[in-house]
Amino acid sequence: MRLNDVKPQKGSKKRRKRVGRGISAGQGASAGLGMRGQKSRSGSSTRPGFEGGQQPLYRRIPKLKGFPVVNRKIYTTINVEKLASLAANSEVTLASLKESGIVTSVKGPLKILGNGELGVPLNVQAAAFTGQARSKIEAAGGSCHVLD
């Protein structure tokens, strides 16, 4: 076999049909596009997303910036500064905070946030701590225990 012997397989190359070149050519006059109307004209028919003048889908749906979290955890949050009024070395739980009146309504598990200063050592038991809250509690000589 030589390079000048190489040619495409028989039947693989087919001439394109020249449409709209008279009735004897088989696809004359309307060139297989039907009689009249938008889809029979030259050029592309309609742009992508066009719905015949109806308000298109991409304009009907609301443009939201982001999506809501489906199973969002809702915490009862409290800042470190509120814990400063408690006695030193006391156990801090959601129940004890509600009992002392620092927390009035329980929306979910307790989360400690890091706003404010803390000067007393406390043993805090909560579902979650922010990084600042954990460092401030431990700097005051207290401890943080994460509940399940």
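1. The model contains one salt bridge, counted where a side-chain nitrogen of Lys or Arg lies within 4 Å of a carboxyl oxygen of Asp or Glu. The partners are Glu51 and Arg60, with an N to O distance of 3.2 Å. Glu51 is partly exposed at 31% relative accessible area, and Arg60 is partly exposed at 43%. Here buried means under 20% relative accessible area, exposed over 50%, and partly exposed in between (1.4 Å probe, protein chains only).

2. On provenance, this is a predicted model, in which local features need pLDDT of at least 70 and side-chain atom pairs count only at pLDDT 80 or more, while totals for chains, interfaces and linings use all residues. Residues are numbered from 1 along each chain as its sequence is written, and side-chain values use heavy atoms, with hydrogens and water left out.

3. The UniProt record, an unreviewed entry, annotates residues 77-144 as "domain: Large ribosomal subunit protein uL15/eL18"; such annotations may be inferred rather than shown by experiment, feature names are shortened, and positions follow the numbering used here. The end C-alpha atoms of this span are 15 Å apart, and its content is 29% helix and 25% strand. Helices (H or I, at least four residues) and strands (E, at least two) are DSSP runs numbered from the N terminus.

4. Thr76 belongs to strand β1, residues 76-79. Thr76 counts as buried because its relative accessibility is 4%. Its side chain reaches the backbone nitrogen of Lys107 at 2.9 Å. Beyond four places in sequence, the residues in contact with Thr76 (heavy atoms within 4.5 Å) include Leu94, Val103, Lys107 and Leu110.

5. Within β1, Thr76 and Ile78 form the covered face, whereas Thr77 and Asn79 form the uncovered one. Strand β1 runs parallel to β3 (residues 110-113), joined by four bridges; two strands pair if DSSP finds at least two bridges between them. Ile112 in β3 is the bridge partner of Ile78.

6. A separate point concerns the open sheet of three strands, ordered β2-β4-β6 with parallel pairing. Strands β2 (91-92) and β6 (143-146) each have a single partner strand, so one side of each is left without a neighbour in the sheet. Four bridges link β4 (residues 123-126) to β6 in the parallel sense, and Gln125 has His145 of β6 as its bridge partner.

7. Helix α4 (residues 131-139) lies across β4 and β6, at about 135° to β6. Axes are lines fitted to C-alpha atoms, for helices over the stretch in contact, and angles run from 0 to 180 degrees between N-to-C directions.

Notes:
A polar contact is a pair of N or O atoms within 3.5 Å; within protein, one must be able to donate a hydrogen and the other to accept it, and residues adjacent in sequence count only if both atoms are side-chain atoms.
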